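Here is a short briefing on one protein model. Keep the structure open as you read.

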Amino acid sequence: MAIALAITDGTTTVSLSGTSPVLGCTYFPQTSQYRNGEWQPVTEQADVNLRGTAATIRATVASIETLLQQAQRRQEKGVGDRVFVTFAPLSETAYRSEITDGRVVWSTDPGLRRLGDTNPTVQVAVIWTRAPGWDGAEAELSISANGQGAATGGRTVTNNSANGNWVQIAAAQVANDMPAPVRLEMTNTTGSSQAYRKFITNVNAYSDPANLVHYLQGEAVVSGGTSRADATCSGGNYLEIIVSSSPATYQWTLPAADMQRTKGRRARILARIASSSGPLYIQPVVLDSGGTQTLWTGDELYHGSLISYATYVDLGIVPLPPGGYSASAAAHRLGLIVRGGSILALDVLQITMVDSYRYVDLNTSGVSVANNATLVHDGIEGLNYMLASGVRTPVATSFGSPTMLQPATLQRIHFLYSLASTGGAPIASTLSVRVYHRPRRLTV
């Protein structure tokens, strides 16, 4: 099978490799360079030979230029369909790479631009700048979840760090050699409409995701506070802390095995706070295994004068363990220095690895999603929307990069969310999650 090269926006496609009036072209894909922590855009060209009437040749060149200008407008103004160069080496499936800029340059050889001849043969250089990688065909990933084997079609996650708020992707599922964005489809399976307020997703790819214990129950505190029974809290309990104007430190054990799994990397600490009756300031610290020596101190953050319903609170990013990775890292303690003037009900702390992290803020009154309707976070196309009865309703502002999966790596995606107003952050709430991706490669 011949090599196939084209430029397309999904509706209009111009072949550069053999469809009349194109005779063929010379094209060698270039490889992105890695600088400043990122793969860089690629600028390259295809030398295209055309034969036919002058009008046909000009129309083909105009179609190419129109697509390249559309790609420019997409980058400048955010309007119009995305434009891709597609390339199928030999018998392989076509890969695509998004074009962000481009132009057409006519040959300077007089013999290759004589449009006045009958059925002339001419040559143009089609020059474009494109994304660093090439995306393959979209496919749904087979994922497993807590107590559920790997399959497509949806796996159930619960809104509870300690009870299965993740899906797992086997190493063989994400092919090729570059991180790839995913489309997450999260279907409301609670049995009734839910007014979703905030969504947090994160990926753990490099900190032993299948074995890392990624949560600490509030009542597992080393000392201090009082454990209170509450069926609406993780593990059926929360830690009650009487917060005063004098700072007090509460500590949780971070086992040696987990410190070896986190590998000296950074994790975001997300707390499920059941309630707080007054001003609340929290500062994270990391201590030695005995809790006597402070190894790292974070920023103190203010978390509101009143939290009347359960919500997730971001306590900042901490290094685990401080000082870097060691295969024989000792146990540590995570500490929270708390001050203010309230009664704090602390339910659970999630150790949130940030190999990829996205925070989606819907709106203050929430987005009402009917039972069996779906929220879609589409990192492939850069879209967020609600899908119900085939209708897309745009939603949200999202912060952070698209949810990205690493190639050839076992990894987990974790989910946390809260509802509007008094809906809180119910731990029994469920979603059916499906994950789609386009395997991405550096070269074709």
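A residue is called buried when its relative accessible area is under 20%, exposed when it is over 50%, and partly exposed in between. This model is predicted. The points below cover ring pairs, charges over rings, a hairpin and a threonine in a helix.

**Aromatic pairs**

- Two rings of Phe, Tyr or Trp pair if their centres lie within 6.5 Å. By this rule, there are eight aromatic pairs.
- One of them joins Tyr196 and Phe199.
- Planes under 30 degrees apart would count as stacked, and over 60 as edge-to-face.
- Tyr281 belongs to strand S23 (residues 280-287), while Tyr302 belongs to strand S25 (residues 301-302). The pair therefore ties together parts that are 21 residues apart in sequence.
- Tyr281 has 25% relative accessibility, so it counts as partly exposed.
- Tyr302 has 45% relative accessibility, so Tyr302 counts as partly exposed too.
- Ring pairs also link a cluster made of Tyr27, Phe87, Trp128 and Trp134.

**Charges over rings**

- Arg183 lies over the face of Tyr436, 4.3 Å from the ring centre.
- Arg412 places its charged end over the ring of Trp166. Here the distance to the ring centre is 3.5 Å.

**A hairpin**

- Strand S12 (residues 143-145) pairs with strand S13 (residues 148-151). The pairing is antiparallel and runs over two bridges.
- Ile143 stands opposite Ala151 in S13.
- S12 and S13 form a hairpin, with two residues between them. Gly147 sits in the turn and has a positive phi of about 75°.

**Thr262 in its helix**

- Helix H2 (residues 256-262) contains Thr262.
- Is Thr262 buried or exposed? Its relative accessible area is 1%, so Thr262 is buried.
- A polar atom of the Thr262 side chain lies 3.2 Å from the backbone oxygen of Met259.
- Which residues does Thr262 contact, leaving aside its neighbours within four places in sequence? They are Ser207, Leu212, Leu320, Pro321 and Met353.

How values were computed: Residues numbered from 1 in each chain as written. Predicted model: local features only at pLDDT ≥ 70, side-chain atom pairs only at ≥ 80, totals over all residues. Heavy atoms only, no water. Phe/Tyr/Trp six-rings, centres within 6.5 Å; stacked < 30°, edge-to-face > 60°. Helix = DSSP H or I, 4+ residues; strand = E, 2+ residues; numbered from the N terminus. Buried < 20%, exposed > 50% of the residue type's maximum accessible area, 1.4 Å probe, protein only. Lys NZ or Arg CZ within 6 Å of the ring centre and 35° of its normal. Pairing = 2+ DSSP bridges. Polar contact = N/O pair within 3.5 Å; in protein donor to acceptor, adjacent residues only side chain to side chain. Contact = heavy atoms within 4.5 Å.
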